[in-house]
Amino acid sequence: MSGWVRIVGLGPGDDGMITPEAQATLAEASDLVGYHPYVARIPDCPGQVKHASDNRVELDRARHALSLARGGAHVAVVSSGDPGVFAMAAAVFEAMEGDPATLDLDIQVVPGITAMLAAAARAGAPLGHDFCAINLSDNLKPWAVIERRLRLAAEADFAMAFYNPRSKSRPEGFARTLDILNEACGDDRPVIFARAVSTPDEEILTVPLTEARPEMADMRTVVLVGSSTTRRVGRFVYTPRSAE
Ligand code: SAH
């Protein structure tokens, strides 16, 4: 059989947020490759082989998927949310760059609902006007780059979505992020802490920026920060579409 790789987004957690295209792709795969909690989300299927791995081996995992496909396997590489957002799709293309023999493989990215969009939907429409997404993990980039992007995003008056806000090994970065925003935004604005969206552990908390605290976020949280025009209406938060 001629092999393929599909890099599939599983959405934020709930099965109802997996697209029909992603479901169909998973059903056709002979092999599933991914970080073990994501692979575990997919029910066992006779004849389908699961290759679960640790979180920090993305490039090895991508190379493994490509080599399985070169051997004829139908490989689904799974990510939570969308595979193109701080996830496996870029890792697969990076692995291809290092291995020209993979360039003519049949490869497709199957999109998913990314955490910030699932979170925004719960809150209302906080990303209703221009926004940006920043990964606050400094595992793969220096903290100085993150800090510069935060300051420029505040200056440009984007609403912002923060992925990987805070982990046990990086407790300081998010505290620093809140300090920078309080300094750079020059006003108060809604901050939404959306934790484990669309899972049984879901918690949504909205507070003014001045009351946001580092411990309100963990690695299962995506944090949305409004622009200067973002406001509350009843129990919702939205950013009007006509902002200057
Ligand atoms: N590819 C994923 C993001 C991977 S980075 C996506 O598109 O959603 C991992 C980060 O995503 C977490 O630290 C958290 O910030 C966010 N995240 C993933 N699933 C989430 C969920 N169900 N609820 C809230 N945040 C989530």
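With Ala, Val, Leu, Ile, Met, Phe, Trp, Tyr, Cys and Pro counted as nonpolar, Asp, Glu, Lys and Arg as charged, and the others, Gly among them, as polar, the shell of residues around the ligand divides into 12 nonpolar, 5 polar and 2 charged. The structure described here is a predicted model, and the ligand in this model sits in the largest pocket. In total, 19 residues surround the ligand, and the closest of these are Asp 82, Val 85, Thr 114, Met 219 and Thr 221.

A polar side-chain atom of Thr 114 lies 2.6 Å from an oxygen atom of the ligand, while a polar backbone atom of Met 219 is found 2.7 Å from an oxygen atom of the ligand. On the nitrogen side, a polar backbone atom of Val 222 is 3.4 Å from a nitrogen atom of the ligand. The ligand taken alone exposes 540 Å², of which the protein buries 91%.

Among the elements of secondary structure, 3 strands form an open sheet with mixed pairing, in the order 6-13-12. Strand 6, which covers residues 124-125, and strand 12, which covers residues 231-233, stand at the edges of the sheet and have a single partner strand each, so one side of each is left without a neighbour there. The pairing of strand 6 with strand 13, residues 236-238, is parallel and runs over 2 bridges, and within this part of the sheet Gly 124 stands opposite Val 237 of strand 13.

Terms used. Residues numbered from 1 in each chain as written. Predicted model: local features only at pLDDT ≥ 70, side-chain atom pairs only at ≥ 80, totals over all residues. Heavy atoms only, no water. Near = heavy atom within 4 Å. Polar contact = N/O pair within 3.5 Å; in protein donor to acceptor, adjacent residues only side chain to side chain. Areas by Shrake-Rupley, 256 points an atom, 1.4 Å probe, with all protein chains shown as cover. 1 Å grid on protein atoms, 1.4 Å probe; cavity = no way out; pocket = protein on both sides within 12 Å on 5 of 7 lines; lining within 4 Å. Sits in = over half its atoms within 2 Å of the grid points. Pairing = 2+ DSSP bridges. Helix = DSSP H or I, 4+ residues; strand = E, 2+ residues; numbered from the N terminus.
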